[in-house]
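Please read the points below with the sequence and the model side by side. They are arranged by topic, and each may be checked against the structure in turn.

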Amino acid sequence: MTWKTAVADIPYGGAKGGIGCNPRDLSKSELERLTRVFTQKIHDLIGIHTDVPAPDMGTNAQTMAWILDEYSKFHGHSPAVVTGKPIDLGGSLGREAATGRGVVYATEALLAEYGKSIKGMTFGIQGFGNVGSWASRLIHEKGGKVIAVSDITGALKNPNGIDIPELLKHKEATGSLKSFNGGDSMDPNELLVHECDVLIPCALGGVLNRLGSIAEHLGPINYCAVRYVKAKFIIEAANHPTDPEADEILSKKGVIILPDIYANAGGVTVSYFEWVQNIQGFMWDEEKVNQELKKYMTKAFHNIKNMCQSHDCNLRMGAFTLGVNRVARATILRGWEA
């Protein structure tokens, strides 16, 4: 998160934390009690200018509302203490779609470098939660063909492109990708090696690895599973979906990987916008949020490309170099160097 906020050029440090549980196994009132007790334990550690939590896997706007309410019992009403809140409690328009929208802006910036655009390209999307579903919807709107999607309930493929608005309705109604009649079901492990131009892992870390689940699916193969990846571009919408060995193999194959610390920074960027709006007590309209997000994502991409050119390195190394350099410069300016 520290490097991600530095790459996005927003004035935050970074941290991650949470509770080890499966929210699907808990009732709403159990989740509320869990969230409130967690907040009671950390309320002295978080704060408007100290540490601002935001939603990630297994949490949503409601979770953030409970944190805000519990924190406010100790510190008075403090909308800026948490982001990703419901709109009615000071949340930002565009925050829910922000990570997925940022992924799409990042993809557009990358494809433009190669004289391509989303329109007419084929996409495989692993994960159909918040990030995957928004990315799919926006890619579909821009004329891209989403030909395969998967989540924990199953996987679908349609070489002519899946009707994403219909799939979203189906998932909303049934809670699952199964039995959708606009595509054929497939083994979820196959998604990562499916024939497509752009692969977007939006789920868990470590899914693209040297052996791992892809190799198991293809039988007891003792060489690199990622050799079977057919996509030309990988956009890391999940955190750390590609392990280091796989990264090296894919690079040698000529696959262009857009690293997670840039590709999925849309969420934390719009969290920053929400925090700014709360502090000012002045809310933006959705058009301004999306416009600013596009500006930040596009600028960050060009800064990464400049790093790649001056250091003759790939996008991941360029992004890390940019992030680490910014933190190092701030450290030295403050007089912290050894």
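**Note on the fold and its interior**

1. The structure holds an open sheet of seven strands in the order β4-β3-β2-β1-β5-β6-β7, with mixed pairing. β4 (184–185) and β7 (256–258) are the edge strands with a single partner strand each, so one side of each is left without a neighbour in the sheet. Two strands count as paired if DSSP finds at least two bridges between them. Strands (E, at least two residues) and helices (H or I, at least four residues) are DSSP runs, numbered from the N terminus.

2. This is a predicted model, in which local features need pLDDT of at least 70 and side-chain atom pairs count only at pLDDT 80 or more, while totals for chains, interfaces and linings use all residues. Residues are numbered from 1 along each chain as its sequence is written, and side-chain values use heavy atoms, with hydrogens and water left out.

3. The domain assignment divides the protein into domain 1 (21–90) and domain 2 (97–262). Such bounds come from an automatic or database domain assignment. The centres of domain 1 and domain 2, taken over C-alpha atoms, are separated by 30 Å.

4. Which strands pair with β1, and in what sense? β1 and β5 run parallel and are joined by four bridges; here Phe-123 has Val-198 of β5 as its bridge partner. β1 and β2 also pair in the parallel sense, over five bridges, and Thr-122 stands opposite Lys-145 in β2.

5. Further pairings extend the sheet. β2 (residues 145–151) and β3 (residues 154–157) pair in the antiparallel sense over four bridges, with Lys-157 of β3 as the bridge partner of Ala-148. β5 pairs with β6 (residues 233–235) in the parallel sense over two bridges, and Leu-199 stands opposite Ile-234 in β6.

6. In a regular strand the side chains alternate between the two faces of the sheet. In β1, Thr-122, Gly-124 and Gln-126 point one way, Phe-123 and Ile-125 point the other way, and all are buried. Buried means under 20% relative accessible area, exposed means over 50%, and partly exposed lies in between (1.4 Å probe, protein chains only). β5 is likewise covered on both faces: Val-198 and Ile-200 lie on one side, Leu-199 and Pro-201 on the other, and all are buried.

7. Helix α5 (residues 130–141) lies across β1 (122–126), β2 and β5 (198–201), and runs at about 165 degrees to β1. For such angles, axes are lines fitted to C-alpha atoms, for helices over the stretch in contact, and the angles run from 0 to 180 degrees between N-to-C directions. Contact means heavy atoms within 4.5 Å.

8. Is helix α4 largely enclosed or left open? Of its 16 residues, 13 are buried, so α4 is largely enclosed by the rest of the structure. Helix α4 (residues 98–113) reaches 23 Å from its first C-alpha to its last, close to the 22 Å expected at 1.5 Å a residue; the expected span is 1.5 Å times one less than the number of residues. Gly-115, which follows α4, has a positive phi near 70 degrees.

9. The largest nonpolar core has 60 residues, of which Val-149, Ile-200, Leu-258 and Tyr-262 touch the most other members. Helix α11 (residues 286–311) supplies the largest share of this core, nine residues. A second, separate core of 19 residues includes Ile-147, Leu-191, Val-207 and Ile-249. A nonpolar core is a set of buried Ala, Val, Leu, Ile, Met, Phe, Trp, Tyr and Cys residues joined through side-chain atoms within 4.5 Å.

10. Ala-263 belongs to helix α9 (residues 260–263) and counts as buried at 0% relative accessibility. Leaving aside neighbours within four places in sequence, the contacts of Ala-263 include Gly-102, Ile-235, Leu-258 and Met-297. Ala-263 and Phe-301 are 38 residues apart in sequence, and 9.1 Å apart in space from C-alpha to C-alpha.

11. Most residues other than glycine have a negative phi. Asp-9, in the loop between α1 (2–8) and α2 (28–42), has a positive phi near 65 degrees and is partly exposed, with a relative accessible area of 38%. His-240 has a positive phi of about 55 degrees although it is not a glycine. His-240 is placed in the loop between β6 and α8 (244–253), and is partly exposed at 46% relative accessible area.
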